[in-house]
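Reader: I would like to go through this model and ask what each label rests on.

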Amino acid sequence: MRNPESIDLAITDVVALTHTADGTIEFLDGATILVADGRIVSVSTEPYSDPAARVIDGRGQVAMPGLINCHAHSPMVMFRGAAEDVSTSDWFNKKIWPMEVNLTESDVTLAMRLACAEMIASGTTTFADHYFMMDRIADVVDETGMRANLGWTFFSSEGHAGFDRGLGFALDRNGSADGRITTSLAPHAEYTVNDDDLRRTAAAGRDHDLLVHIHAAESRIQTRQSRAERGLSPIQVLSSTGILDGRTLIAHGKGIVPEDLPLLAAARGRVGVGSAPKGYMKVGEETTPIRALLSAGVAVGLATDGAASNNTLDVWESMLMTSLMQKYVEQDELWMSARQVLGIATLGSAAAVGLGGVAGSLAPGHVADVILVDLSGPHTQPVHDLASTLVFSARSADISTTIVAGQVLMADRRLLTVDVPAVVEALRPRLAELTDTSHGKSIQDYGF
């Protein structure tokens, strides 16, 4: 126990979601969480009183590890609702990729502030982002107090410039924002980045101990086409080019097939998969084979993808939909229980983004990323089983407080680091130009 004088923050009288040594979810009543220097010092039922420390009275609330969004394109909140009810091909080729030609650094900055506000308000404390103009995104992460893993998207059509820019960003900003920013290399996908660039990425990832964040096996259609054209599944492409030899975060993985599992199992401890079920249901597609991946020892975490397809950056929503969709797909009402999906939302998501042992748990030594959930609403009463209430009854709107690295970013549902009305007002005049596709340009071609 550290000297009480060193404690910066005490969260008292909460029900704390904790983990046993084997990862089982438990709840500790009447808990006090002590924080110093941005990390958790203790979680116990011992009383604590120190007038020098900030004290948050958590009576009647549940304290949880902050949620982690394992795959997002956060600035795409600017395109929320702008590409609806179209085919996947048209979504990319006629809507989003032509719209993204219009982006300016100012647009990304404004949209990122809006995205951070949405994530903080819905309990997300860490997100893994895969987008453009990543230096502006990093600036906003710094100013808003969030934690993030950031990778600058590149395509082989850009030549070496895209890879070089992404690597330069990753090396320059890794560990910035007082350590809240980690970085990754972000080749778009195995079908838009050629094998030579994938090998170059794999080598750089290993040399600099950087995560490689990539879309792969995004659907069964992609897997079938990859097999037909190359004789390899997308996961086999990642293996053959060395991507799976380093730390890897795979976005979606809906097209992962049985023969991929031994390759992923061999990379256990290094590879994670981010699953965003709402977007999959919205376009009538399959979902990530979570049961098979977990059986192979692969870390799986929750994600939202971008708000242009998912419409929100609400990981709490993803948690609910993951449980329901997995039960439906597996035709097993006992599978993906409330406690199982809470495990994925916490330890699983942290492991998937390379933060296992750092985030995702209210444990001593972990970063003090904490959310408080108010269960006093009529939709959460009475409480017979707390895990079930959290997953199946509670909503992200029940989150009252969001804390990152011991700093309060939202208190009593009031955002402290983003002025949302000002951001919305500044973004509004840009909407018509942002969604204009009459110029006939596109950042890439989607061939599926």
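This is a predicted model: local features need pLDDT of at least 70, side-chain atom pairs count only at pLDDT 80 or more; totals for chains, interfaces and linings use all residues.

Reader: What makes S1 and S2 a pair of strands?

Author: A pair needs at least two bridges between the strands. Strand S1, residues 9-19, and strand S2, residues 25-36, have eight bridges in the antiparallel sense, so they pair under that cut-off.

Reader: Which residue has a positive phi in the hairpin of S1 and S2?

Author: Gly-23, with a phi near 90°; five residues lie between the two strands there.

Reader: How do you know that S2 and S3 pair?

Author: Five bridges link S2 to strand S3, residues 39-44, in the antiparallel sense. The cut-off is at least two bridges, so S2 and S3 count as a pair. Ile-33 has Val-43 in S3 as its bridge partner. These strands also form a hairpin, with two residues between them, and Asp-37 in the turn has a positive phi of about 55°.

Reader: Why is S5 called largely enclosed?

Author: Buried means under 20% relative accessible area. Five of the five residues of S5 are buried, so S5 is largely enclosed by the rest of the structure.

Reader: Which strands does S5 pair with, and in what sense?

Author: S1 and S5 run parallel and are joined by two bridges. Val-15 stands opposite Val-62 in S5. S5 also pairs with S14, in the antiparallel sense and over five bridges; Gln-61 stands opposite Asp-374 in S14.

Reader: Which residues of H14 are called buried, and what do the buried residues pack against?

Author: In helix H14, residues 386-393, the buried residues are Leu-386, Ala-387, Thr-389, Leu-390 and Val-391. The label puts each of them under 20% relative accessible area. Their packing partners are S1, S2, S5, S14, and the helices H12 (315-330) and H13 (338-352).

Reader: What makes up the largest pocket?

Author: Its space is about 790 Å³. The lining has 43 residues, of which Thr-88, Trp-91, Phe-92, Asp-305 and Ser-309 are the closest to the centre. Helix H1 (88-100) is among the elements that supply at least two lining residues, as are strand S7 (124-131) and helix H6 (220-230). H1 gives the largest share, seven residues. By class, the lining of the largest pocket divides into 18 nonpolar, 14 polar and 11 charged residues.

Reader: Which element supplies the largest share of the lining of the second largest pocket?

Author: H13, with seven residues. The second largest pocket holds about 250 Å³ of space. Its lining has 23 residues; Val-271, Ala-299, Gly-348, Ala-351 and Ala-352 lie nearest the centre. Strands S12 (271-275) and S13 (299-302) each supply at least two lining residues too. The classes are 11 nonpolar, nine polar and three charged.

Reader: How is the chain divided into domains?

Author: Domain 1 takes in 9-65 and 360-415, and domain 2 takes in 67-353. These bounds come from an automatic or database assignment. The C-alpha centres of the two domains lie 27 Å apart.

Reader: How many residues of each domain are in contact with the other?

Author: 30 residues of domain 1 are in contact with 29 residues of domain 2. Contact here means heavy atoms within 4.5 Å.

Note on methods. Residues are numbered from 1 along each chain as its sequence is written. Side-chain values use heavy atoms; hydrogens and water are left out. Helices (H or I, at least four residues) and strands (E, at least two) are DSSP runs, numbered from the N terminus. Buried means under 20% relative accessible area, exposed over 50%, partly exposed in between (1.4 Å probe, protein chains only). On a 1 Å grid over the protein atoms alone, a cavity is a set of points where a 1.4 Å probe fits but cannot get out, and a pocket is an open set with protein on both sides within 12 Å along at least five of seven lines; lining residues have an atom within 4 Å of a point. Grid points are joined across faces, edges and corners, and a volume is the space filled by probe spheres set on the points. Ala, Val, Leu, Ile, Met, Phe, Trp, Tyr, Cys and Pro count as nonpolar, Asp, Glu, Lys and Arg as charged, and the others, Gly among them, as polar.
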